There are 2 protein chains.
Amino acid sequence: MRSGCPLNYGLEIFGDKWTLLIIRDLMFFNKKYYNEFLQSEEGISTNILADRLQLLEKNKFIRKEKDGEHKQKIIYRLTQKGIDLMPLLMEIGLWSDKYAGSHLHPGRDIIIGDVKENKAKGLKKMFAKLEKEHLTGC
Amino acid sequence: MRSGCPLNYGLEIFGDKWTLLIIRDLMFFNKKYYNEFLQSEEGISTNILADRLQLLEKNKFIRKEKDGEHKQKIIYRLTQKGIDLMPLLMEIGLWSDKYAGSHLHPGRDIIIGDVKENKAKGLKKMFAKLEKEHLTGC
DNA sequence: TAAAACCACTTGCTTTTTACAAGTAGTTGC
DNA sequence: GCAACTACTTGTAAAAAGCAAGTGGTTTTA
């Protein structure tokens, strides 16, 4: 149900597991093709993936781009609106880093990386990286 | 599906809309009774509420407490683990503040409040408030 | 140039989850 | 002692997710 609460507003459009995992793949794992999302560890179904990509595009979190080399391929990229979800994903990562204990695979610090040491600085660095990778050429 | 990713770990246990809205109610709207959660603007169903409260308690995000005055009432309070989700909820609020535009009710800044001006300082203040309200007496 | 493979999806069906309404057992106030 | 209130539970219909197979277009291979 629609409500005027900012938290609910956000949750209504990106507050489901698969949506955020797709954004994670784009943001931290450098994935950009449909097949790459499909192959993620968590095993998203192809119909759900198609549905979420459509929603994400409709809500302007991502945009489609043609691949110059492989003409049948489509590249998915984050928009600024999508990139701005990064601090939120980082907070999930930081929380898990504190509470997940043994549930995490080793070497998963790639995500929170610099942010763990200095939040403001780490976020700034990550923003720069994402903006360079996803926003150039538009 | 279980995976070793910290983002997925978090999303598996608190990454659904109703769960986060209950935590929002506890955190920002000072709600503590079953009936208060039921009455929230978004209209959670009573069976879903019961289910989520059980999950939240099982995962130690909240705990039940007896109400001294009204003996049939149960008070729900956040644990430290639950309180530590605050920065994440704040990030949702900050994102919505930037992108929700006219979708928000006026005066909803109560949530992000001080955090909007100075993130580190605002979070610290909010942590102190929550720890005082939810953790004292245990 | 015909066949095989790969691309981003779509379709159909089953299972799980959610939504809504009604009911219940145990206090509490009058 | 009974009506009202508490935190739930139960039953059922609707919606969403999960799974497997298929599709139409492009690209690579023989």
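## The contact

In this predicted model, 46 residues from chain A and 46 residues from chain B make the contact. Of the interface residues of chain A, 100% are also interface residues in chain B, so the copies meet through the same surface.

## Symmetry

Chain A can be laid on chain B by a rotation of 180°. The shift along the axis is 0.0 Å, and the RMSD is 0.0 Å. That is the relation of a two-fold axis.

## Buried area

The size of an interface is often given as the accessible area lost when the parts come together. Here, about 4100 Å² is buried between chain A and chain B. Carbon and sulfur atoms give 69% of that area.

Three residues lead on the side of chain A: L7(A), Y9(A) and W95(A). They supply 18% of the area that chain A buries against chain B, more than any other three residues.

## Charged and polar links

Between chain A and chain B there are 4 salt bridges. K17(A) forms a salt bridge with E12(B). Their closest N and O atoms are 2.5 Å apart.

## Which helices take part

On chain A, α1 (6-14), α2 (17-28), α5 (80-83), α6 (86-99) and α8 (119-135) each supply at least two residues of the side that touches chain B. The largest share, 10 residues, comes from α6(A).

What kinds of residues make up this side of chain A? They divide into 24 nonpolar, 11 polar and 11 charged.

Notes:
Residues are numbered from 1 along each chain as its sequence is written. Chains are lettered from A and ligands numbered from 1 in the order in which they are written. This is a predicted model: local features need pLDDT of at least 70, side-chain atom pairs count only at pLDDT 80 or more; totals for chains, interfaces and linings use all residues. Side-chain values use heavy atoms; hydrogens and water are left out. Copies are superposed by least squares on the C-alpha atoms of residues with pLDDT of at least 70 in both. Contact means heavy atoms within 4.5 Å. Buried area is the accessible area (1.4 Å probe) that two parts lose on being put together, summed over both. A salt bridge is a side-chain nitrogen of Lys or Arg within 4 Å of a carboxyl oxygen of Asp or Glu. Helices (H or I, at least four residues) and strands (E, at least two) are DSSP runs, numbered from the N terminus. Ala, Val, Leu, Ile, Met, Phe, Trp, Tyr, Cys and Pro count as nonpolar, Asp, Glu, Lys and Arg as charged, and the others, Gly among them, as polar.
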